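Here is a walk through one protein model, told in short steps. Keep the sequence and the 3D view at hand.

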Amino acid sequence: MRLIKKSLAIAVVIFSPQIHANQLLDEAFDVYSKANLRFYMGFGVFVEAYKYHLQLADKPYLTIIDYSKPSNERRFFLIDTENARLLYRTYVSHGINSGTLYATDFSNNINSRKTSLGAFKVANAYHGKHGLSLRLDGYSTTNSNARERAIVLHGADYAAPSVISKIGMLGRSWGCPAIPRHLTETVVNLLKNGGTIYAHSTSS
């Protein structure tokens, strides 16, 4: 653990010199441990997401999406960083051109219909063609076109667990992270106007 923290501390200093590296790592590890996130993701992934969250967020809700997992697994993690609690772990779809069961191809290009990776700040909620949705702003080079691409978080029937029982995986979007409809209102209300989303994959 000491070697891991040392290497992560170096990365933190490079990424964000105004934040004391050891303090950030201690805070991150406290949230990571108390929320029992070790069962779902490595500490390095959480630290990277947490760094962006501290820089961008206006509220304590952080979502981490692990696109290295298949769509028939619950790979959407909504975390209350203030109270160190994992609030929701659910399913999320990826883009139709990113892969089938697994997302293996990612893009920031307009009209690619692929999922984008990186850090997003959650903007306002609105009612669109998919119902209640969240606008997202991309803060990484890998997702900077999120607004122009109309990449939003929304609910979808094809993201329901019942779809997995029929075809072995979720249906796919045009690049948006789509979640089960029964959770949409709750997730939207938590994340809107200042939450963050960090989309990660080992396949990138």
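Start at Asp 58, which is exposed, with a relative accessible area of 56%. That puts Asp 58 in the exposed class because the cut-off is over 50%. The model is a predicted one. In this model Asp 58 forms a salt bridge with Lys 121, and the closest N and O atoms are 2.8 Å apart. Asp 58 sits in the loop between helix H3 (43-56) and S1, while Lys 121 belongs to strand S4, so the pair ties together parts that are 63 residues apart in sequence.

The structure holds 7 salt bridges. Another one of them joins Asp 105 to Lys 114, with 2.7 Å between the closest N and O atoms. How accessible are its two ends? Asp 105 is partly exposed, at a relative accessible area of 32%. Lys 114 is buried, at 19%. The cut-off explains that label: Lys 114 counts as buried because its value is under 20%.

A further salt bridge brings together the side chains of Arg 181 and Asp 157, at 2.8 Å from N to O. This pair links distant parts of the chain, 24 residues apart. Arg 181 is in helix H6 (residues 181-191), and Asp 157 is in the loop between S6 and helix H5 (161-167). Arg 181 is partly exposed, with a relative accessible area of 42%. Asp 157 counts as exposed, at 55% relative accessibility.

Now turn to strand S8, residues 196-200. Why can S8 be called largely enclosed by the rest of the structure? The reason is that 5 of its 5 residues are buried. In a regular strand, side chains alternate between the two faces of the sheet. Both faces of S8 are covered. Thr 196, Tyr 198 and His 200 are buried on one side, and Ile 197 and Ala 199 are buried on the other.

Which strands pair with S8? Strand S1 (residues 61-66) runs parallel to S8, joined by 5 bridges. Here Asp 66 stands opposite His 200. Strand S4 (residues 118-128) runs antiparallel to S8, joined by 4 bridges. In that pairing, Gly 118 has Ala 199 as its bridge partner.

The largest pocket has a volume of about 410 Å³. Of the 23 residues that line it, the closest to its centre are Arg 149, Ala 150, Ile 151, Trp 174 and Cys 176. S4, strand S5 (131-138), helix H4 (146-149) and strand S6 (152-155) each supply at least two lining residues. Which element gives the most? Helix H4 does, with 4 residues. The pocket lining has 10 nonpolar, 7 polar and 6 charged residues.

Finish at Arg 74, in the loop between S1 and strand S2 (76-80). Arg 74 is partly exposed, with a relative accessible area of 35%. Leaving aside residues up to four places away in sequence, Arg 74 touches Arg 89, Thr 90 and Tyr 91. Tyr 88 lies 14 residues from Arg 74 along the chain, and their C-alpha atoms are separated by 9.6 Å.

How values were computed: Residues numbered from 1 in each chain as written. Predicted model: local features only at pLDDT ≥ 70, side-chain atom pairs only at ≥ 80, totals over all residues. Heavy atoms only, no water. Buried < 20%, exposed > 50% of the residue type's maximum accessible area, 1.4 Å probe, protein only. Pairing = 2+ DSSP bridges. Contact = heavy atoms within 4.5 Å. 1 Å grid on protein atoms, 1.4 Å probe; cavity = no way out; pocket = protein on both sides within 12 Å on 5 of 7 lines; lining within 4 Å. Points joined across faces, edges and corners; volume = space filled by probe spheres on them. Nonpolar A, V, L, I, M, F, W, Y, C, P; charged D, E, K, R; others polar. Salt bridge = Lys/Arg side-chain N within 4 Å of Asp/Glu carboxyl O.
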